[in-house]
Amino acid sequence: MLLTGITMGCPVGIGPEIILKYFHSYKPDGTFSPVVIGDLEVLRRNALHFNISLRCVHWTPGEIPSPGTVPVYNVGNLPSDILRWGEPNRDTGTAMAKYIEHAVTLARQGKLSGITTCPISKAALQKAGYSYPGHTEMLADLVGENQFTMMLAGDRLRVTLVTIHCGLGAVSANLNTGLVLQRIILTHSSLCSDFNIAKPKIAVAGLNPHAGEDGLFGPEEREIILPAVQQARQCGLDIDGPFPPDTVFLKAISGEYDGVVCMYHDQGLIPFKLLHFRDGVNVTIGLSLVRTSVDHGTAYDIAGQGCATPDSLAAAVEMAAKIAQNRKSYNTNLA
């Protein structure tokens, strides 16, 4: 039985709500079972607040989760008097980090086959003394690996990012041929091992309008991106580009490509969320650890109102289990 650990995310965001709603609709199929790494009492208080009839129970690693319950690996107990919907603080930041740290430890011990993370507040993480710009960088540091990136995955589109959390004005300075090539190789490897695509075909987006128009609108395509594409071809990868960013995503959703390598965060996320706003999944590729995440934030503006939907969480948990299964088969076939 594959066990996917769901980290609770920010206790005053929508994480606890979507977890409870997910478990309320969860139908065991014998292939995997979800467990929560979080705060048992916070989840119980949320169940009362949202009038969700579920038993939140202690879970000990190695136990088979009981059907019809929310099994929780309890990490800390936040008192209710310091929690306000949509108002993260140092204590909630510390709690978020601890959920992640414990989940990584359990995964590395083989107690979990993968991790799905609910959204956190980066500002609260900083208040708690953690200097990471986001979830992805924290996870990579915890497992001691430095070749990774974000892939956003759905049924119609998969995009990966060369630069992740940096300002738009810093993108060009952060691009180099080696980095673009690394992201291309990570994308190819993930499509093979995580998504069971034997011979993936990859498109690469340019940075500038018209993919630079032969240098007229910028040199990055000619000097940085194209050399990376050429080197990837020399390694035997099936890859094309750089394409003008305004046409490359249409090629992908039309079935010409299995994934698109994008130069910066919003270049990939804007078209992706247009198609997969409710069911998109954030996958950290390149790590030995299986990690998926919802593709939305803490949604503090609606926290506590009962209107958050668990669609992205459900997709992320199912994808984590599928990736773990695919990796196992892929590694067996390589052996």
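This is a predicted model: local features need pLDDT of at least 70, side-chain atom pairs count only at pLDDT 80 or more; totals for chains, interfaces and linings use all residues.
Residues are numbered from 1 along each chain as its sequence is written, and side-chain values use heavy atoms, without hydrogens and water.

Helix α8 comprises the 15 residues 220-234; helices (H or I, at least four residues) and strands (E, at least two) are DSSP runs, numbered from the N terminus. From first to last C-alpha, α8 reaches 20 Å, close to the 21 Å expected at 1.5 Å a residue, where the expected span is 1.5 Å times one less than the number of residues. At L226, α8 bends by about 35°, and the proline P227 follows within four residues; the bend is the angle between axes fitted to the seven residues ending there and the seven starting there. Among the buried residues of α8 are E220, I224 and A228; buried means under 20% relative accessible area, exposed over 50%, and partly exposed in between (1.4 Å probe, protein chains only).

There are 7 salt bridges, each a side-chain nitrogen of Lys or Arg within 4 Å of a carboxyl oxygen of Asp or Glu. One of them joins K21 and E17 at 2.7 Å, N to O. Both residues lie in helix α1, 4 residues apart, and E17 is buried, with a relative accessible area of 1%.

Another salt bridge pairs K201 with D238 at 3.1 Å, N to O. This pair links distant parts of the chain, strand β8 and strand β9, 37 residues apart. Salt bridges with shared partners join K201, R233, D238 and D240 into one network.
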